[in-house]
Amino acid sequence: MILPVILCGGSGTRLWPMSRERYPKQFLQLGSEHTLLQDTLLRLEPGSNQPALVICNEVHRFICAEQMRAIGYQAGGIILEPEGRNTAPAIALAALKACKNGDDPILLVLASDHYIGDVSAFRLSIERGLALAQGGKLVTFGIAPDSPHTGYGYIQCGSPLTHDAGDDIGAEVAAFIEKPDEQTAQGYLEQGGYLWNSGLFLFRASDYLKELAQYRPDILQACEQAMAEPQVDLDFTRVNREAFLAAPSESIDYAVMEHTEHAAVVPLNAQWNDIGSFEALWQTLSKDSQNNAHIGNVMALNTRDNLVLAQDRLVATVGVQDLVVVDTKDALLVAHRNQSQTIKSLVDELKDRELAQVTDHREVYRPWGKYDIVDQDQRFLVKRITVRPGHSLSRQLHYHRAEHWVVVSGTAEVEIGEERRLLCEDQSVFIPATVVHRLSNPGKVDLQLIEVQSGSYLEEDDIIRFEDDYTRGPHDNS
């Protein structure tokens, strides 16, 4: 059976302000009832795959686990990267874990944030590639170009590869080509024999490690040391931080695929899109009669060819064309659609200004639930807190702030020092600064409460943990 490996990294820049550093695009619902990560898992063919192995950044671990829990998906494991090191080291961690007990599965390496419109065609391409991977090929999947796109790398197809029955199932890779200029891309489109590089792969775990040992032994050595004594923490596998950070940051294309003599490409005609920009997102969404794509509460009058995303409130447009409008609780983006590729540069500038909107949404997810910052000033902060049934915040204290809790719905179990009490709807409690306390939801429905913080310092790092269900450290504010 195939072992899917889901690469769940991301910096949250291309679809800002919807995506953020701590909440990148794979965790977003973009016109679907599921997030991109959830859709990636759900399109895996039941019965033909082992439970997926997920690679994600440590700061995203609880979001990743919660989104899988929400669809009832039990992963084969979640490997945590202390920092992103691109795809070659990430895949090496997965391959080493897969081979640890003497197994040697075929790895299906998938990005967690791609759109696939035709799942049946996707599965058919995987089936075709499987025969090549079983024969020792390192298979990538190529997309037939329909425009001279300059944002993708290209694959030049070589000699055809056939199935036992004589049918063509793919081709040797003649060359991998960097993102071309428009004139060169137009030439590829007219000439034929060139495919977009999808960044999806299929190969035997040992074959990948063998090629990595030949072409980038430094990456393999660092990953072997990182995986030598992993720490298992809940559903997570933590690698040795110092060893992993010694691995060079390198893509699998640069590290292996451009050098190996065993590369093959299989066409993937499955309405693929990497959603690398708002323009790409607009292409995947359904449109109204004026070619507008909307998500959320949107009213459009005399407008056409727009993408409008409303997260919380009504957004209305009148007499505009070719715009991207993204309204979140704490940031508003208005851009021309043909400028959506440059949003990363905007985010870099915002990062230089150290703005919080680059990192977090106003609504922040935690392993026990979430909170939304409703209002704040220098000496007070108001949150709406949601605690999932059966979950608890850590037993903790704050040195610089006091807290007032008012239960809006559900039942709260509150510990303040040695005292423990139950609070129901409309009841409240006060927690002085420096007093150890804990909040739990003993009920079967979400607990919602309003928290008012007051004090001289209100940042999240004013916390000392004494006990935590999620093995977070004393000062870990994730």
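Reply: Asp469 is partly exposed, at a relative accessible area of 40%. (Buried means under 20% relative accessible area, exposed over 50%, partly exposed in between, with a 1.4 Å probe and protein chains only.) The model is predicted: local features need pLDDT of at least 70, side-chain atom pairs count only at pLDDT 80 or more, and totals for chains, interfaces and linings use all residues. Residues are numbered from 1 along each chain as its sequence is written, and side-chain values use heavy atoms, with hydrogens and water left out.

The partner of Asp469 is Arg438, in a salt bridge whose closest N and O atoms are 3.1 Å apart. The term takes a side-chain nitrogen of Lys or Arg within 4 Å of a carboxyl oxygen of Asp or Glu. This pair links distant parts of the chain, 31 residues apart. Asp469 sits in the segment after β30 (464–467), and Arg438 in strand β28 (residues 437–440). Helices (H or I, at least four residues) and strands (E, at least two) are DSSP runs, numbered from the N terminus. Arg438 is buried, with a relative accessible area of 6%.

In total, the structure holds 35 salt bridges.

Arg313 and Asp327 meet through their side chains, at 2.7 Å from N to O. They too link distant parts of the chain, 14 residues apart. Arg313 lies in the loop between β16 (307–310) and β17 (315–318), while Asp327 lies in strand β18 (residues 323–327). Asp327 is buried, with a relative accessible area of 3%.

Glu66 and Arg69 form a salt bridge as well, their closest N and O atoms being 2.6 Å apart. Both lie in helix α2 (residues 61–70). They are three residues apart there, so about one helical turn separates them. Glu66 is partly exposed, at a relative accessible area of 22%.

What about covalent links between cysteines? A search of the whole structure finds zero disulfides, a disulfide being a pair of cysteine sulfur atoms within 2.5 Å. Take Cys99: the closest cysteine sulfur, in Cys223, is 13 Å from its own, too far for a bond. Cys99 counts as partly exposed, at 22% relative accessibility. Cys424 is also partly exposed, at 39%.
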